[in-house]
Amino acid sequence: RFDHYKDVLLYRSRQLLHQALIAQHVDVEQTSLGRWDDHIVVVIGAQYPDESVSQLWVDKELFLPRRWIIVAADTSEDQEANRLEFIYRDWRKINKVWYPMQIETTLNQQRIRMVRVKSVKKDVVLDAELFNISNLMTLYEPAEPEEPQPQPETELDEIERTIEDFRKKFE
């Protein structure tokens, strides 16, 4: 889910973007105007300044995404625990295409990742070996399959298994 930041950047069709926003529980029928980092934005999915539901903030003049808030679809009272946000900054036009030179990802209002782009290159030739699956399989050993865990008979068995799994991770 942390890689959804790219979704709004890759869709070249309004219909595909519309479907992707609906899949992330954005109410595309609800829009309002707001302000973000000294930019007037169109808020898709909420009535500004409400940030309690999934929404996309788009720059009104440049029509570029500025902020995307994804709130988990569950109806628990603690929505804050399920809030993922992507912030797109420092947009630059390079070869007729706009790129955000900085993308911040926050979870529960704590930054967990920041991508800063130093340069953008067009028409880069990639080595064909990067896509040679049989060669890659010889370079990297496959992971050992995990043995299926038996179903616990009682709640106490499940707790003991969880504690044992936790110990194994830290040994």
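The model is predicted. The protein chain contains four helices and seven strands, and its elements follow the order α-α-β-β-β-β-β-β-β-α-α from the N terminus on. Of the 171 residues in the chain, 26% are buried.

**Strand β3**

- Strand β3 covers residues 55-59 and is mostly covered, with five of its five residues buried.
- Both faces of β3 are covered. On one side stand Gln-55, Trp-57 and Asp-59, and on the other stand Leu-56 and Val-58.
- Strand β2, made of residues 39-44, pairs with β3 in the antiparallel sense over four bridges.
- Within this pairing of β2 and β3, Ile-44 is found opposite Leu-56 of β3.
- On β4, the residue opposite Leu-56 is Trp-68.

**Strand β4 and its partners**

- Strand β4 spans residues 65-71 and pairs with β3 through four bridges, again in the antiparallel sense.
- Val-58 has Pro-65 of β4 as its bridge partner.
- The hairpin of β3 and β4 has five residues between the strands, and Phe-63 in this hairpin takes a positive phi near 55°.
- Seven of the seven residues of β4 are buried, so this strand is largely enclosed by the rest of the structure.
- Strand β5, which comprises residues 83-94, is joined to β4 by five bridges, and the two strands run antiparallel.
- Arg-67 has its bridge partner in β5, namely Ile-87.

**The largest pocket**

- The volume of the largest pocket is about 640 Å³.
- A total of 24 residues line this largest pocket, and those closest to its centre are Val-8, Tyr-11, Leu-17, Phe-63 and Pro-65.
- Four elements are listed as giving two or more residues to the lining of the largest pocket: α1 (7-10), α2 (14-23), β3 and β6 (97-107).

**The loop between α2 and β1**

- Val-28 is located in the loop between α2 and β1 (31-36).
- With a relative accessible area of 18%, Val-28 is buried, because a residue counts as buried under 20%.
- The C-alpha atoms of Val-28 and His-18 are separated by 7.3 Å, although these residues are 10 residues apart along the chain.
- His-25 also has its place in the loop between α2 and β1.
- The phi of His-25 is positive, at about 65°, although this residue is not a glycine.

**Other backbone features in loops**

- Tyr-48 and Pro-49 are joined by a cis peptide bond, for which omega is about 10°.
- Pro-49 is part of the loop between β2 and β3, the two strands that pair in the antiparallel sense.
- Gln-109 is placed in the loop between β6 and β7.
- Gln-109 is a residue other than glycine with a positive phi, near 65°.
- The relative accessibility of Gln-109 is 56%, so this residue counts as exposed, the cut-off being over 50%.

**A nonpolar patch on the surface**

- Four residues, Val-124, Leu-126, Leu-130 and Phe-131, form a nonpolar patch on the surface.
- Together, the residues of this patch have about 440 Å² of accessible area.
- Val-124 has its place in the loop between β7 (110-116) and α3 (133-139).
- Because its relative accessible area of 51% is over 50%, Val-124 counts as exposed.

Technical notes. Residues are numbered from 1 along each chain as its sequence is written. This is a predicted model: local features need pLDDT of at least 70, side-chain atom pairs count only at pLDDT 80 or more; totals for chains, interfaces and linings use all residues. Side-chain values use heavy atoms; hydrogens and water are left out. Patches are made of residues with over 30% relative accessible area and no salt bridge: like charges are joined within 9 Å, nonpolar side chains (Val, Leu, Ile, Met, Phe, Trp, Tyr) within 5 Å. Accessible areas come from the Shrake-Rupley method with a 1.4 Å probe; for residues, only the protein chains shown count as cover. A salt bridge is a side-chain nitrogen of Lys or Arg within 4 Å of a carboxyl oxygen of Asp or Glu. Buried means under 20% relative accessible area, exposed over 50%, partly exposed in between (1.4 Å probe, protein chains only). Two strands pair if DSSP finds at least two bridges between them. On a 1 Å grid over the protein atoms alone, a cavity is a set of points where a 1.4 Å probe fits but cannot get out, and a pocket is an open set with protein on both sides within 12 Å along at least five of seven lines; lining residues have an atom within 4 Å of a point. Grid points are joined across faces, edges and corners, and a volume is the space filled by probe spheres set on the points.
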